[in-house]
Amino acid sequence: MLKQIEGSHAMAEAIALCRPEVICAYPITPQTHIVEGVGELVKSGALQNCEFINVESEFAALSVAIGASAAGARVYTATASQGLLFMAEAVYNAAGLGLPIVMTLGNRAIGAPINIWNDHSDAMSMRDAGWIQLFAENNQEAVDLHIIAFRLAEELSMPAMVCVDGFILTHAFERVDIPDQAQVDSFLPPYDPVQVLDPENPASIGAMVGPEAFTEVRFLAHYKQRQALRLIPEFCEDFAKTFGRAAGGLLRPYRTDDAETIVVAMGSVVGTIKDVIDEMRDAGEKIGAVALVSYRPFPVEALRDILKHAKHVVVVEKCISVGVGGPLADNTDGALRNLRDRPKLHSAIAGLGGRPITRESLKKLFHDAVHAPWIGPFFLDLNERVVGREIHRGRKVRHAGSTAENILKQLALASHLPPG
């Protein structure tokens with residue numbers, strides 16, 4: 001059914017159609033409307049046979065989810081930003097125990113200073129925890145990825161994280177096709193847990209593992225991720241047959257067949273990038289894009305096959321691995337590593353803390369990648385007097401507050417530039 005609906009409420013309806021039996025909720029912006037939405041569906045009776053549990057923290061939310069999943073329930077929760085960090089220990093535990101929990105991550109910047117707007121630093125902080133990580137470009141895909149995530153998590157007995165850009169998607173109203181219960185039931189079978197704690201047959205899970213077996217535990221998590229590389233395309237093909245539209249997949253190429261420059265990105269920024277590519281194509285430039293849906297597992301071979309014929313690859317990402325560069329750029333570089341005539345890779349950090357990513361800035365970025373390439377990560381729209389200047393080693397910069405004016409003053413001082 002087509003609805004003009006807020007993204008969070010569309011996701012809530014899709015999650016309810018997956019028939020979760022336990023939902024653990026602790027509100028944190030910008031995911032609050034999602035758990036509010038499923039809570040209302042439980043209270044009204046639209047979602048039956050489900051226990052909605054209000055907890056006292058994000059750590060408690062995932063801890064309750066772990067217990068419920070270990071007891072054999074289909075489980076859902078959601079979080080964002082600092083909330084994900086607070087539950088970090090439990091994030092690793094859920095993956096290590098092989099529990100098929102599905103969690104929405106309303107992507108939001110990590111402080112300090114406090115910032116409630118969108119970037120991908122929260123998801124990237126847990127990229128090695130062992131969860132599947134799927135990134136939505138728009139709210140239709142956010143709806144569809146949740147349905148796919150439940151099936152994927154339960155098939156592999158491992159947790160899955162659906163990453164949706166905070167505010168840009170969670171609070172945006174747009175037309176979304178919400179499936180009916182019969183469609184979801186035909187795609188997502190009843191939950192048949194691999195492991196169940198039973199008081200009649202006591203057992204321990206998560207007990208101590210020594211050096212003789214811990215490598216095997218991590219290898220198993222890696223092996224499951226490799227299996228997901230095969231299953232994700234299969235499930236998405238099945239999804240298209242059931243629902244009549246394409247969704248998910250490992251990645252989606254856009255106008256890449258003859259492209260000499262290819263842009264790699266994840267999440268909602270892909271829509272803006274496509275608009276820029278259309279404009280540049282109209283001007284005769286051979287440029288395309290690849291939208292990564294699956295960040296974990298990372299689709300090395302599929303991405304390499306698309307990028308190998310390009311001359312330039314521009315990675316645009318909403319995260320910075322401080323002191324190194326962009327994690328998505330690093331993974332993309334790894335995918336290209338063994339190519340004999342590999343394209344030149346250009347890394348761009350954009351949209352941190354919700355900074356707008358404009359078509360004008362992207363068009364200049366893509367043009368510069370070909371005609372004025374840079375070394376290392378480039379920070380899109382950063383104060384141009386600071387970019388490219390070496391910060392004097394050993395110079396102490398006094399922290400004078402976190403307003404934009406003070407931050408620019410600190411950067412100017414560190415770069416031996418006059419403020420103003």
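Hi everyone, this is a quick walk through some salt bridges in the structure above. Please keep in mind that we are looking at a predicted model.

Let me start with the overall tally: searching the whole structure turns up 22 salt bridges. I'd like to show you a few of them.

The first stop is Glu137, which pairs with Lys274, with 3.2 Å between the closest N and O atoms. Where do Glu137 and Lys274 lie? Glu137 is in the loop between β6 (132–135) and α7 (139–156), while Lys274 belongs to helix α10 (residues 269–282), so this contact ties together parts that are 137 residues apart in sequence. And is Glu137 buried or exposed? Glu137 is buried, its relative accessible area being 11%.

Staying with helix α10, have a look at Asp278. Its side chain meets that of Arg255 in a salt bridge, at 3.0 Å from N to O. Asp278 sits in helix α10 and Arg255 in the loop between β9 (251–254) and β10 (261–265), so here the pair ties together parts that are 23 residues apart in sequence. Both partners are partly exposed: Asp278 has a relative accessible area of 23%, and Arg255 has 39%.

Arg337 is exposed, with a relative accessible area of 51%, whereas Asp333 is partly exposed at 25%.

Technical notes:
Residues are numbered from 1 along each chain as its sequence is written. This is a predicted model: local features need pLDDT of at least 70, side-chain atom pairs count only at pLDDT 80 or more; totals for chains, interfaces and linings use all residues. Side-chain values use heavy atoms; hydrogens and water are left out. A salt bridge is a side-chain nitrogen of Lys or Arg within 4 Å of a carboxyl oxygen of Asp or Glu. Helices (H or I, at least four residues) and strands (E, at least two) are DSSP runs, numbered from the N terminus. Buried means under 20% relative accessible area, exposed over 50%, partly exposed in between (1.4 Å probe, protein chains only).
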